[in-house]
Amino acid sequence: MKPKRLLQKLFYLTLYLLSSLAIASVQPPIDLSTETSTDRNYYTLNDVNDSFSIDQFLYHTGSTFDWQQHSGDVTRGVLTHPVWMRFQITNSDTRQQQYLLEYTDPGPYRIDMYVVTHRDEIEGQYHYHREKPIAEKPYPNPGAVFPITLHPGEELTVYARIEHKMGGLFSQFSIWRPHHFIKHETIETALYGGVYTSFFIFSFIALVIFFATRDRVFLLYSGLTFTSAISLMNLDNHWGLFFQPGGVSINNAVIWSGAYLFMALAFAREYLKLNTLLPWASKLTLTAMWIGPIIIVLGLLGHTEIAGMLMMSSMGVILLVPFIALYLWLAKKQHVRLFTLAWFIYGTAICIQFALRQVGLVPHLPITIYSGAIGAMIEMCLLTASMGYRVLDLKRERDHALKSHVHQLEQFSAELENQVIKKTKELEQAKEQAEYEARTDPLTKLSNRRAFNEQAPKLIKSTLRNKATLCAIAIDIDHFKKVNDTHGHDIGDKVLIEVANALSNMTRDNDILARIGGEEFIVLATTNDQYGAVDLGERIRLAIEQLNIDIDQATPLKTTISIGLYTINQPEKVATILRKADAALYQSKMNGRNQVTAWEMNQKVG
């Protein structure tokens with residue numbers, strides 16, 4: 001091949017690759033209706049001095065910020081400063097407008113979320129604080145969950161300021177439809193409740209056996225399972241859900257983690273008989289045990305970040321224990337196989353969740369997020385089996401003690417199960433509330449377009465079956481944009497509310513009244529004939545014209561409406577009815593507004 005032709009082909013190949021990269025770099029917004037997380041395309045900004053604010057991003061056009069684009073990688077590492085996250089969202093589902101964004105790590109201390117329109121206006125803002133009561137969080141859930149309303153085809157930008165006090169920071173939100181999230185949370189809460197219940201049962205059984213046998217190993221094992229359960233409940237933010245909905249300090253997680261570290265090493269030292277078999281290992285674990293009380297003191301003093309770093313560094317000591325046990329099993333012929341396996345599994349699990357995942361050495365996935373709880377459950381099961389071998393040697397002494405405590409155990413288990421049932425009911429109530437909000441306009445409290453589309457076919461069918469006449473009344477507030485431009489959106493919202501209240505007073509209980517757009521309303525009402533429909537439209541128009549809206553000025557604000565009316569005498573689709581009523585409404589506007597126009601047979605429908 002000639003050098004000239006070769007260079008020409010290389011030139012065209014380079015152009016092709018550059019154009020492909022340019023096209024690939026332009027990422028469409030994240031579609032809440034089809035995607036499950038925000039991983040595909042987002043930006044982060046390190047707020048090293050904790051000095052940035054949403055106003056700087058939106059209104060200081062002269063400032064420049066070092067936003068970093070990401071796709072897929074969500075681990076930001078162990079940081080002592082907040083991180084800002086930015087991503088664009090859209091919605092292609094015409095039937096779904098309500099979504100939830102869930103921060104996927106259970107450990108954030110604070111998240112401030114701002115939903116911004118394409119005009120750089122803040123449409124909504126939500127503030128999550130780990131220590132706040134559940135009722136004051138953006139969504140009735142112990143984790144960081146944020147409700148998002150996104151109309152079909154609309155594009156919004158989301159800014160999120162994420163702050164952690166201990167552990168790693170992650171830039172990922174899961175996308176949920178409300179009913180799917182409630183179902184997921186119900187199952188997850190029930191599973192966690194089962195895990196915690198099992199831990200407390202193990203702890204109680206071990207405590208009972210200790211009182212029967214006076215073997216210190218069982219006392220330490222009881223303390224280990226108890227502190228493990230409380231520590232996990234605080235780290236995964238479930239303590240407030242089950243026992244303290246009024247708010248829980250993050251220092252609780254620090255204190256109980258320190259208590260767990262102390263009990264874990266004390267149990268391992270006693271169970272493996274290190275003081276007798278391996279004195280050097282006994283001294284090492286005894287020294288490391290006191291890291292736990294140090295962490296507790298740091299938690300009481302409020303030094304959460306330092307305590308978190310110390311907790312992560314203590315993972316090395318936890319991981320050393322199974323290797324000591326393995327040596328005793330192989331070299332000293334001790335019966336510690338189950339203990340060794342249990343500690344290997346749990347040590348690996350918590351190292352993955354609370355160390356490797358935090359610094360990005362393993363991916364941030366559901367299996368790694370929950371690895372601590374899974375590993376703890378497996379470890380407790382194996383350790384319980386291991387402890388069972390000890391119990392077999394003391395069976396006769398144990399039988400009498402177990403009988404006297406069975407009733408207490410059943411009561412304890414029933415109480416925890418009742419807690420799970422209670423929280424499950426609360427989640428079901430939250431589901432019902434979410435379904436109500438999905439069908440209600442949040443400003444006017446009227447039905448929204450979704451609710452209208454669900455209710456209208458039923459009313460049309462029943463009215464026509466009774467040989468009655470039904471009319472659709474399309475209503476639009478005249479010059480509403482001018483009200484917003486002149487008086488501001490707060491006054492515009494007040495006008496919408498006052499008009500909605502007046503319309504509610506003019507309609508009957510069996511009529512359907514809904515807000516279907518910005519300043520657009522629709523009424524579906526039964527009438528005697530078209531003359532009655534026109535009369536109803538005129539009465540509605542006159543009521544709005546006579547409305548005095550107090551805006552804290554000398555003269556009340558006046559407004560008018562234009563009405564398009566269509567009389568329904570035969571079965572028709574809701575969309576067709578709305579188009580005909582809208583065509584009549586358009587005619588009212590063309591004729592000068594503040595009037596009622598009935599749809600004519602020869603009228604065009606847009």
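Predicted model: local features only at pLDDT ≥ 70, side-chain atom pairs only at ≥ 80, totals over all residues.
The chain has 606 residues and holds 20 helices and 17 strands. Its radius of gyration is 32 Å, whereas the globule rule gives 25 Å for a chain of this length; the value is well over the rule, so the chain is more spread out than a compact globule. Taken along the principal axes, the box filled by the C-alpha atoms is roughly 100 × 85 × 60 Å.

Of the 606 residues, 50% are buried. Among contacts with a separation of 6 or more, 72% are between residues 24 or more positions apart. The chain exposes about 30,300 Å², and 57% of that area is supplied by carbon and sulfur atoms. As for charge, there are 57 positive and 59 negative charges, and their mean positions lie 8 Å apart.

In general, an α-helix has 3.6 residues a turn, so residues three or four places apart point the same way.

Most residues other than glycine have a negative phi. K273 is not a glycine, yet its phi is positive, at about 55 degrees. K273 sits in the loop between α6 (251–271) and α7 (274–277), and with a relative accessible area of 46% it is partly exposed. K445, also not a glycine, has a positive phi of about 65 degrees. The loop that holds K445 runs between α15 (395–438) and α16 (449–465). Is K445 buried or exposed? At a relative accessible area of 59%, K445 is exposed, because the cut-off for exposed is over 50%.

I89 belongs to strand β5, residues 83–90, and is buried, with a relative accessible area of 0%. Leaving aside neighbours within four places in sequence, I89 is in contact with P29, I30 and L32, with I148 and L150, and with E154, E155, L156 and V158. N275 is 186 residues from I89 along the chain, and the C-alpha atoms of the two are separated by 60 Å.

V523 lies in strand β15, residues 520–527, and is likewise buried, at a relative accessible area of 0%. Which residues does V523 touch, not counting those up to four places away in sequence? They are C471, A472, I473, I475, T507, I512 and L513. V523 and F452 are 71 residues apart along the chain, and their C-alpha atoms are separated by 9.4 Å.

Note on methods: Residues numbered from 1 in each chain as written. Heavy atoms only, no water. Helix = DSSP H or I, 4+ residues; strand = E, 2+ residues; numbered from the N terminus. Rg over C-alpha atoms; globule rule 2.2 N^0.38 Å. Buried < 20%, exposed > 50% of the residue type's maximum accessible area, 1.4 Å probe, protein only. Contact = heavy atoms within 4.5 Å. Areas by Shrake-Rupley, 256 points an atom, 1.4 Å probe, with all protein chains shown as cover. Lys, Arg positive; Asp, Glu negative; His and termini not counted. Charge placed at Lys NZ, Arg CZ, Asp CG, Glu CD.
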